[in-house]
Amino acid sequence: MGALVEEFPVILGAFWLTIRLTLASAVAALVLGTVLAAMRVSPFGVLRGVATAYVNTLRNTPLTLVIVFCGLGLGLVLDVSFSESLSTNYLWLSIIGLSAYTAAFVCEAIRSGINTVPVGQAEAARALGLTFTQNLRFIVLPQAFRAIIAPLGSLLIALTKNTTVAAAIGVAEASLTMKSLFERHQDSVVAIFFGFALAFLVLTLPTGLFFGWLSRRLKVVR
Amino acid sequence: MSTVLYDTPGPRGILRNRILTFVFAVALLAGLYFAYVKFDEKGQFDAALWEPFLQGDVWVNLIIPGLVNTLSAAAVAALIAVPFGFVFGIARLSEHKWIRVPAGAVVEFFRAIPLLIMIFFAQYGGSAVLGLTVTSFTAVVFGLVLYNGSVLAEIVRAGIQSLPRGQTEAALAVGLRKGQVMRLILLPQAVTAMMPAIVSQLIVLLKDTALGFIVAFEDLLNAGARILPANFRNLIPAVIVVAIIYIIINVLVGLLANWLERRSRRSRKTTIKPIEAPQSVGVG
């Protein structure tokens, strides 16, 4: 226990980095995933093909590989640079990897959300004389969004846990910090592990409860 | 093709779609060309970087051993995680609180924390607490079993719960004991329904073995991102080749999952539909 108290500022800093990684990747993944989903349901064969290939590739590739490719491939070999500071640069590269990977799953969640809306809804809307835009705005998308709240919540939780993989390219988020605390305090490995596990529970459990509550509240009754 | 989003296009719509398809295709080619130029500037298309993949001994000595390690870690973890999942999934449905509650706590705990910190804990905890030397293989398998076993436990629970209550009631009414109900009535039907979800989770498990890279486990990713670049300075080509191997394996297992799902949909062992795979990205 002593080690946890003694290193409290370090642990807090590490989790703050985990939270920032999660939020930045979540926003980027949501934007990219929405664009991909729009491509996948568009009437244009080329866009559908590109989006499908992207989703199938990223979903079947290990996240560690994606992050290593971003960190070492883009960062070291291709010299992609976002910042003078090396650690900030790796932080951005890991955000690219995490959001590129998560976007594939966001795309699938949105697409399945659109699929839950029965075709009859849109047909009825057109029969009433609604235009294409009105149809999407008032009929299809509101129902689709409500259907994907719970899946998006699970994705956010998975992303929170996935940020630990950024340790592969040396981003000092929670898991890498835990490892260095293990090395420094070998007598209290168990206490440190349960401390970090508890902190992750504090991050993930409320997210799950909140999204579960939201999806029940906004559920479309059919 | 009429979907919820748009109608079957008329003549004007078809023309407009063709023009826009052409525009998008040009934009896509421009993007690909930009990427090509960027890669070419750094000499990533040099034959020297790709040539090692044409040599048999590079495959035999460097890539295949990594692949074997990845597959054996996945196989060992799957062989332990599946029974783990069945034991804990059934334990969570127990009538006895003293079995149900601890089993539930274990499953929820390991599902909620990242796999990587379990692997680190196995590595450092093993030597610090028990005085054992934990190999990276053991650490990876330890983490994979606890995490994927817990997810499988949820699948098993959902599979058994998806059966109609009448099945249990009828079985009890003809005089079967609780164990017999589970063994003879519930499990045979539930296994059919949850097979596709189990196979999907095993794909996640296979992908997760790549986390071993972080603890220096000599897996396929290690071959692609450490060993090959150290020999030939070809990180990008090596990572791409390794990614293709991962994708091929996962697509093949995915096809197996689809086939199982089709089969269980027309199965006469049970009338229930296959249960949904859990919405999990799966670390790694």
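Tutor: A salt bridge is a side-chain nitrogen of Lys or Arg within 4 Å of a carboxyl oxygen of Asp or Glu. Side chains of opposite charge can pair when their charged atoms come close. Please note that this is a predicted model, in which local features need pLDDT of at least 70 and side-chain atom pairs count only at pLDDT 80 or more, while totals for chains, interfaces and linings use all residues. Residues are numbered from 1 along each chain as its sequence is written, chains are lettered from A and ligands numbered from 1 in the order in which they are written, and side-chain values use heavy atoms, with hydrogens and water left out.

Student: How many salt bridges are found over all chains?

Tutor: The search of the whole structure gives 11. One of them joins the side chains of K38(B) and E41(B), at 3.9 Å from N to O. Both residues lie in helix α1 of chain B, 3 residues apart, or about one turn of the helix. Helices (H or I, at least four residues) and strands (E, at least two) are DSSP runs, numbered from the N terminus.

Student: Are K38(B) and E41(B) exposed or partly exposed?

Tutor: The terms rest on relative accessible area: buried means under 20%, exposed over 50%, and partly exposed in between (1.4 Å probe, protein chains only). K38(B) is partly exposed because its value is 39%, whereas E41(B), at 57%, is exposed.

Student: Which salt bridge links distant parts of the chain?

Tutor: The side chains of K178(B) and E95(B) meet at 3.3 Å, N to O. K178(B) is in helix α8 (residues 178-208) of chain B, and E95(B) is in the loop between α3 (56-91) and α4 (97-112), 83 residues apart. K178(B) has a relative accessible area of 48%, so it is partly exposed; E95(B), at 58%, is exposed.

Student: What should I look for among the nonpolar residues?

Tutor: A nonpolar core is a set of buried Ala, Val, Leu, Ile, Met, Phe, Trp, Tyr and Cys residues joined through side-chain atoms within 4.5 Å. The largest one here has 136 residues, and those touching the most other members include F182(A), F196(A), I113(B) and I214(B). Helix α5 (residues 86-115) of chain A gives the most to this core, with 14 residues.

Student: Which residues is I214(B) in contact with?

Tutor: Contact means heavy atoms within 4.5 Å. Apart from neighbours within four places in sequence, I214(B) is in contact with T64(A), V165(A), A168(A), L116(B) and F120(B).

Student: Where is Q44(B) found, and is Q44(B) buried or exposed?

Tutor: Q44(B) sits in the loop between α1 (11-41) and α2 (47-50) of chain B. Its relative accessible area is 6%, so Q44(B) is buried. Not counting residues up to four places away in sequence, Q44(B) touches several residues, among them V77(A), L78(A) and P237(B). Q44(B) and L235(B) are 191 residues apart in sequence, yet 9.4 Å apart in space, C-alpha to C-alpha.

Student: How many helices and strands are there in chain A?

Tutor: Chain A has 10 helices and 0 strands. Of its 222 residues, 49% are buried. Along its principal axes, the C-alpha trace of chain A spans about 70 × 45 × 30 Å.
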